[in-house]
Amino acid sequence: MDLLTVTVTARESAGEPYTLVEIAGEADVTNTDELRRLLDEEVQQQPRTLIIDMSGLRFMDSSALHALLRVSRSLDRQGGVLALVSPQAAVAKILRLTTADRLIPVFDSVAEAAAG
Amino acid sequence: MARDGETTQRVPAAQEPLTRPPAPRRDGSGPLPQADPQAGDPMSYTYTTDLAAIRAVVHRYAVQAGLAEPRAIDLVLAVSEVAANTVRHARSPGSLKIWYDDKEIVCQIHDEGIITDPLAGRRQPSLDARGGHGLWIVNQLCDEVEIRSGQDGTTIRLHMALGPRARRS
């Protein structure tokens with residue numbers, strides 16, 4: 001079983017398209033390169049809204065967090081927005097501790113995030 | 001040692017640090033204090049890149065030691081960040097030792113990497129920084145962090161207090 005699985009789907013909310021990325025498993029320094037590569041591919045599609053559903057993510061370390069912050073900055077530069085959904089306790093902790101949750105909005109559900 | 005017939009010379013006070021090993025200091029240099037013998041044999045684990053296994057072991061021992069779940073999560077994150085530095089910087093496997101008694105649980109991580117910044121982990125890096133969050137996070141999460149780094153590599157000891165006096169997460 002892979003430590004980390006990433007699933008990407010194109011969706012729509014009230015006529016507005018958005019990209020939904022579901023990250024599940026454990027994200028750490030050993031798979032950050034792969035995570036970064038997959039997220040970069042999506043950023044290159046220049047989505048207006050990129051939503052990362054973290055409900056299946058049991059763990060995230062600071063390297064994976066850097067990958068998310070990079071996505072946030074890239075989207076910001078091209079006029080897009082990154083939103084995070086449903087972080088579990090361990091993931092919420094690192095987001096809060098590093099104040100990344102003040103930079104990247106965190107929502108309770110994909111629907112809420114899509115509604116902005 | 002003074003040999004027979006030789007008069008014992010008084011060593012000037014200024015030279016004492018050269019002839020006597022310095023007392024262990026929790027925030028500075030010098031050897032780490034011995035692991036608490038009451039705590040029994042530490043659990044030992046060697047790792048290369050299998051950090052998920054390290055996290056599972058730490059969580060299991062943290063719960064077994066009686067650490068509350070939010071703080072068990074903190075300890076898992078802290079150990080994982082230190083072990084991630086092994087994966088990033090050390091060119092050899094790392095080792096993890098865990099022991100606990102009724103007062104605290106301790107995780108000790110050793111690898112052959114060397115930390116040159118004496119203030120590593122003491123300053124909060126900006127969110128734009130490319131690195132340096134790991135040790136800062138560790139310092140925020142644990143009750144006490146002891147770091148020794150030198151030619152023999154780096155040893156980091158993370159302490160979490162147990163029981164009613166333990167800091168709330």
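**Two chains and the contact between them**

Let me begin where the chains meet: in this predicted model, 18 residues of chain B are in contact with 19 residues of chain A. On the chain B side, the elements that give two or more residues to this contact are helix H2 (51–65), helix H3 (69–89) and helix H4 (133–141), and of these H3(B) gives the most, with nine residues. If we sort the side of chain B that touches chain A by class, we find nine nonpolar, five polar and four charged residues. For the complex, the predictor gives an ipTM of 0.94 and a pTM of 0.85.

Taken together, the residues of the contact between H3(A) and H3(B) divide into six nonpolar, no polar and two charged.

Let us stay with H3(B), and turn to its packing inside chain B. The axes of H2(B) and H3(B) come within 9 Å and cross at roughly 150°, which makes H2(B) roughly antiparallel to H3(B). This crossing, too, is described as right-handed. By class, the contact of H2(B) with H3(B) has 12 nonpolar residues, two polar and one charged.

In chain B, five strands form an open sheet in the order E1-E2-E3-E5-E4, with antiparallel pairing. Strand E1 (43–47) and strand E4 (144–150) stand at the edges, each with a single partner strand, so one side of each is left without a neighbour in the sheet. From one strand to the next, the twist averages 15°. As an example of the pairing, five bridges join E1(B) to strand E2 of chain B, residues 94–100, and here Ser44(B) has Lys97(B) as its bridge partner.

Chain A also has an open sheet of five strands, in the order E1-E2-E3-E4-E5, but here the pairing is mixed. Its edges are strand E1 (4–13) and strand E5 (106–107), and because each has a single partner strand, one side of each is left without a neighbour in the sheet. Strand E2 (residues 16–27) and strand E3 (residues 49–60) of chain A pair in the parallel sense over eight bridges, and the partner of Glu22(A) in E3(A) is Asp53(A).

Finally, a word on confidence in chain B. Its mean pLDDT is 81, and 75% of its residues reach 70 or more. Among the elements of chain B, H2(B) has the highest mean pLDDT, 97, whereas helix H1 (residues 16–19) has the lowest, 36. Over residues 1–27 of chain B, pLDDT stays under 50. Where pLDDT is low, the predicted coordinates should not be read in detail.

Key. Residues are numbered from 1 along each chain as its sequence is written. Chains are lettered from A and ligands numbered from 1 in the order in which they are written. This is a predicted model: local features need pLDDT of at least 70, side-chain atom pairs count only at pLDDT 80 or more; totals for chains, interfaces and linings use all residues. Two strands pair if DSSP finds at least two bridges between them. Helices (H or I, at least four residues) and strands (E, at least two) are DSSP runs, numbered from the N terminus. Axes are lines fitted to C-alpha atoms, for helices over the stretch in contact, and angles run from 0 to 180 degrees between N-to-C directions. Two residues are in contact if their C-beta atoms, placed from the backbone, lie within 7 Å. Ala, Val, Leu, Ile, Met, Phe, Trp, Tyr, Cys and Pro count as nonpolar, Asp, Glu, Lys and Arg as charged, and the others, Gly among them, as polar. pLDDT is the predictor's confidence in each residue, from 0 to 100. Angles under 35 degrees count as roughly parallel, over 145 as roughly antiparallel, 65 to 115 as roughly perpendicular and the rest as oblique. A crossing is left-handed if the near helix is turned anticlockwise from the far one by less than a right angle, and right-handed if clockwise.
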